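Please open the model in a viewer and keep the selection tool at hand.

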Amino acid sequence: MDYVNRNYRNRFRRDRWVYFTAAYKETDLCIGIDKNSWHPDIPVFCRQYIRHLRTEMDQWIIKHPGYAGALVPYAAPDGAPQIFQEMAAVAEKSGIGPMSAVAGAVAEKTGQALKKQFSIREIIVENGGDIYADIVEDLDISVFAGTSPLSEKTGLHIESAFAPLGICTSSGTVGPSLSFGKADAVMIVCRDVKAADTYATAFANKIQTTGDIPECISQIRQRHDILAAIAIKDDKIGICGQFELKLF
């Protein structure tokens with residue numbers, strides 16, 4: 001499967017971005033920097049940063065296993081690292097556990113740190129299908145949906161005027177992440193990548209069959225902090241929001 005070897009990363013445009021990967025423990029990032037902003041020290045700084053970030057997170061989680069295992073909103077206690085406080089806040093909106101936002105949170109923190117350190121013009125950080133994008137030019141992005149015939153055939157035209165933003169995808173049929181649904185993919189776009197991440201999981205949980213897509217999209221429309229969404233199950237798709245549907 002593509003997600004095992006992350007072959008979808010080979011589809012990224014090489015004319016616009018310089019790409020590199022950075023991994024530590026479960027964190028496995030693919031990062032694109034616009035060519036004019038590229039500096040050879042960026043990968044070294046990035047790998048040091050994610051190691052430091054993950055070490056801080058892991059040490060805290062060991063002492064607070066209830067937070068890590070929660071499947072419903074769980075408040076971060078006083079003194080928790082900021083990343084856990086932010087994850088808990090968005091999980092209150094989605095109604096599920098705060099760790100549902102962890103991939104997006106790590107992508108966001110890494111992207112912000114790199115941009116600050118190197119004055120980068122454009123950056124995208126992909127973390128297991130969850131993307132933090134700080135762009136100044138529009139971006140076309142397809143949805144990877146496993147064995148669905150719609151996989152990588154549909155997507156969104158992301159307008160740069162809304163950046164920075166998060167583009168996150170959850171699936172019940174692809175990848176190792178916990179899901180209680182059977183959606184092939186639910187992609188959510190929000191200005192806050194952590195919110196996009198937790199919403200993607202929450203709404204993917206709601207889809208068991210193709211018949212669940214209309215109600216799922218109806219519920220997504222009621223969330224004013226969601227900019228756009230795509231839901232895919234088998235050969236059926238639902239879409240809503242600000243951005244134009246893109247066919248590939």
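A residue is called buried when its relative accessible area is under 20%, exposed when it is over 50%, and partly exposed in between. The structure on display is a predicted model.

Select K115 to begin. Its relative accessible area is 28%, so K115 is partly exposed.

Next, select E86 and K109, whose side chains meet in a salt bridge of 3.2 Å, N to O. Here helix α4 (residues 82-94) supplies E86 and helix α5 (residues 102-118) supplies K109, so parts 23 residues apart in sequence are tied together. K109 counts as buried, at 15% relative accessibility.

Move on to K93 and D225, which form a salt bridge through their side chains (3.8 Å, N to O). K93 is in helix α4 and D225 in the loop between α7 (213-221) and β9 (226-233), so the pair ties together parts 132 residues apart in sequence. In the whole structure, a search finds 15 salt bridges.

Finally, turn to the nonpolar residues. Which residues have the most contacts inside the largest nonpolar core? They are I31, F84, I188 and I220, in a core of 51 residues. Select I220: leaving aside neighbours within four places in sequence, I220 is in contact with I188, F203, I226, A229 and C240. Another core, of 26 residues, lies apart from the largest one and includes C30, I131, I135 and A185.

Key: Residues numbered from 1 in each chain as written. Predicted model: local features only at pLDDT ≥ 70, side-chain atom pairs only at ≥ 80, totals over all residues. Heavy atoms only, no water. Core = buried A, V, L, I, M, F, W, Y, C linked by side-chain atoms within 4.5 Å. Buried < 20%, exposed > 50% of the residue type's maximum accessible area, 1.4 Å probe, protein only. Contact = heavy atoms within 4.5 Å. Salt bridge = Lys/Arg side-chain N within 4 Å of Asp/Glu carboxyl O. Helix = DSSP H or I, 4+ residues; strand = E, 2+ residues; numbered from the N terminus.
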